[in-house]
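Thanks for coming, everyone. Please bring up the model on your screens, and we will walk through it together.

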Amino acid sequence: MSRFVTRFLKDESGATAIEYGLIAALIAVVIITALTTVGTNLTGTFTDVAAKL
């Protein structure tokens with residue numbers, strides 16, 4: 001039983017998975033923010049083009 005507890009406490013694979021999950025979430029937030037900004041700018045551009053036509 002003590003070997004199991006010692007091995008469990010030394011196992012860092014779960015921590016690594018959590019770190020990768022946090023990195024993926026941060027990248028997703030950055031991509032969503034960038035796409036929202038680009039979408040807003042494109043809407044403005046298309047509105048200007050439509051008004052000039």
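Let me start with charge. How far apart are the mean positions of the 4 positive and 4 negative charges of the protein chain? They are 11 Å apart. Keep in mind that this is a predicted model.

Now the overall build. The protein chain has two helices and zero strands. Its radius of gyration is 24 Å. The globule rule gives 10 Å for 53 residues, and 24 Å is well over that, so the chain is more spread out than a compact globule. The C-alpha trace says more. Along its principal axes, the trace spans about 80 × 10 × 5 Å.

Next, burial. What share of the 53 residues in the protein chain is buried? Buried residues make up 0%. The chain exposes about 5,000 Å². Carbon and sulfur atoms supply 72% of that area.

Let us take the helices in order. Helix α1 covers residues 2–10, and Leu-9 lies in it. Is Leu-9 buried or exposed? Leu-9 has a relative accessible area of 66%, and because the cut-off for exposed is over 50%, Leu-9 counts as exposed. Leu-9 also belongs to a nonpolar patch on the surface.

On to helix α2. This one runs over residues 13–52, and Ser-13 is found in it. Ser-13 has 45% relative accessibility. Now look from Ser-13 to Leu-35. In sequence they are 22 residues apart. In space, C-alpha to C-alpha, the separation is 33 Å.

Gly-21 is in helix α2 too. At 37% relative accessibility, Gly-21 is partly exposed. Where does Arg-7 sit relative to Gly-21? The two are 14 residues apart in sequence, and their C-alpha atoms are 23 Å apart in space.

One more stop: Thr-40. Thr-40 lies in helix α2. Its relative accessibility is 53%, so Thr-40 counts as exposed. From Thr-40 to Gly-21 is 19 residues in sequence. The C-alpha to C-alpha distance for that pair is 29 Å.

To recap. We have two helices and zero strands. Buried residues make up 0% of the chain. Over to you for discussion.

Conventions: Residues are numbered from 1 along each chain as its sequence is written. This is a predicted model: local features need pLDDT of at least 70, side-chain atom pairs count only at pLDDT 80 or more; totals for chains, interfaces and linings use all residues. Side-chain values use heavy atoms; hydrogens and water are left out. Helices (H or I, at least four residues) and strands (E, at least two) are DSSP runs, numbered from the N terminus. Buried means under 20% relative accessible area, exposed over 50%, partly exposed in between (1.4 Å probe, protein chains only). The radius of gyration is taken over C-alpha atoms; the globule rule is 2.2 Å times the number of residues to the power 0.38. Accessible areas come from the Shrake-Rupley method with a 1.4 Å probe; for residues, only the protein chains shown count as cover. Lys and Arg count as positive and Asp and Glu as negative; His and the chain ends are not counted. The place of a charge is taken as NZ of Lys, CZ of Arg, CG of Asp or CD of Glu. Patches are made of residues with over 30% relative accessible area and no salt bridge: like charges are joined within 9 Å, nonpolar side chains (Val, Leu, Ile, Met, Phe, Trp, Tyr) within 5 Å. A salt bridge is a side-chain nitrogen of Lys or Arg within 4 Å of a carboxyl oxygen of Asp or Glu.
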